[in-house]
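Subject: Structure handover

Hello,

Here is the structure for your files. Please open it next to this email, and my notes come after it.

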Amino acid sequence: MTDTHRPLVIKTTSGLDRPETVNQAFTVAAAAVAAGAEVSLWLAGEAAWFALPGKAAELELEHAAPLQDLLEAVLAEGTVTLCTQCAARRGIAPGDVLPGIRIAGAPVFTEEILRPAAQALMY
């Protein structure tokens with residue numbers, strides 16, 4: 001197994017309040033997917049809103065790929081998860097999220113980051 005194919009778990013808590021940080025998390029996730037890595041992107045805190053239709057399109061950042069495109073790339077080849085508690089605090093129900101996004105909590109996150117050779121990044 002090469003390093004580019006080891007599991008990569010990325011968690012972002014940033015939203016429209018921190019556009020550069022959240023865009024960086026999504027960019028790294030999409031680049032890793034393109035490189036053939038197994039990617040799991042977690043949306044927590046203010047990033048929870050990006051699980052809803054149209055929300056990623058609201059983020060505009062000069063000299064950056066559109067967040068919507070990055071999200072679609074990760075959804076196509078990786079896993080995107082919305083934090084259970086973060087969703088509940090924001091009144092986001094399972095039927096509200098984009099197709100392909102799951103809602104899960106700390107036990108699943110912990111399982112993912114404790115897998116052999118997994119790399120976890122936090123933004």
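First, the ground rules. This is a predicted model, in which local features need pLDDT of at least 70 and side-chain atom pairs count only at pLDDT 80 or more, while totals for chains, interfaces and linings use all residues. Residues are numbered from 1 along each chain as its sequence is written, and side-chain values use heavy atoms, with hydrogens and water left out.

Helices (H or I, at least four residues) and strands (E, at least two) are DSSP runs, numbered from the N terminus. Two strands pair if DSSP finds at least two bridges between them. E1 and E2 run parallel, joined by five bridges. In this pairing, Leu-8 stands opposite Val-39 in E2. E2 and E3 also run parallel, and four bridges join them. Here Leu-41 stands opposite Val-80 in E3.

Burial comes next. Buried means under 20% relative accessible area, exposed over 50%, and partly exposed in between (1.4 Å probe, protein chains only). Five of the five residues of E2 are buried, so E2 is largely enclosed by the rest of the structure. Both of its faces are covered. Val-39, Leu-41 and Leu-43 are on one side, with Ser-40 and Trp-42 on the other. E3 is largely enclosed too, because four of its five residues are buried.

**Ser-40**

Ser-40 is found in strand E2. It counts as buried because its relative accessibility is 5%. What does the side chain of Ser-40 join in a polar contact? The partner is the side chain of Glu-112, at 2.5 Å. (A polar contact is a pair of N or O atoms within 3.5 Å; within protein, one must be able to donate a hydrogen and the other to accept it, and residues adjacent in sequence count only if both atoms are side-chain atoms.) Contact in general means heavy atoms within 4.5 Å. Leaving aside neighbours within four places in sequence, Ser-40 is in contact with Leu-8, Val-9, Ile-10, Thr-79, Arg-102 and Glu-112.

**The nonpolar core**

A nonpolar core is a set of buried Ala, Val, Leu, Ile, Met, Phe, Trp, Tyr and Cys residues joined through side-chain atoms within 4.5 Å. The largest one has 35 residues. Phe-26, Leu-41, Leu-43, Phe-50 and Leu-82 touch the most other members. Strand E1 (8-12), H1, E2, H2, E3 and H3 each give two or more residues to this core. H1 gives the most, with seven residues. Leu-41 has contacts with Ile-10, Thr-12, Phe-26, Ala-29, Val-74, Thr-79, Val-80 and Thr-81, again leaving aside neighbours within four places in sequence.

**Helix H2**

Which residues of helix H2 (residues 67-77) are buried? They are Leu-67, Leu-70, Leu-71 and Val-74. These residues cover an arc of only 100° around the axis, which puts them on the same side of H2. The arc is that of the directions from the helix axis to the C-beta atoms. Their cover includes helix H1 (19-34), strand E2 (39-43) and strand E3 (79-83). Ala-76 and Glu-77, on the other side of H2, are exposed.

**Cysteines**

A disulfide is a pair of cysteine sulfur atoms within 2.5 Å. A search of the whole structure finds zero. Cys-83 counts as buried, at 16% relative accessibility. Cys-86 is buried as well, at 5%.

**Loops**

Val-97 lies in the loop between helix H3 (84-89) and strand E4 (101-104). It counts as buried, at 11% relative accessibility. Not counting residues up to four places away in sequence, Val-97 touches Ala-51, Leu-52, Leu-82, Ile-92 and Ile-103.

Most residues other than glycine have a negative phi, and most peptide bonds are trans. His-63 has a positive phi, near 65°. It lies in the loop between E2 and H2 and is exposed, at 78% relative accessibility. Ala-117 also has a positive phi, near 70°. Its place is in the loop between helix H4 (106-113) and strand E5 (119-122). Ala-117 counts as partly exposed, at 42% relative accessibility.

Best wishes
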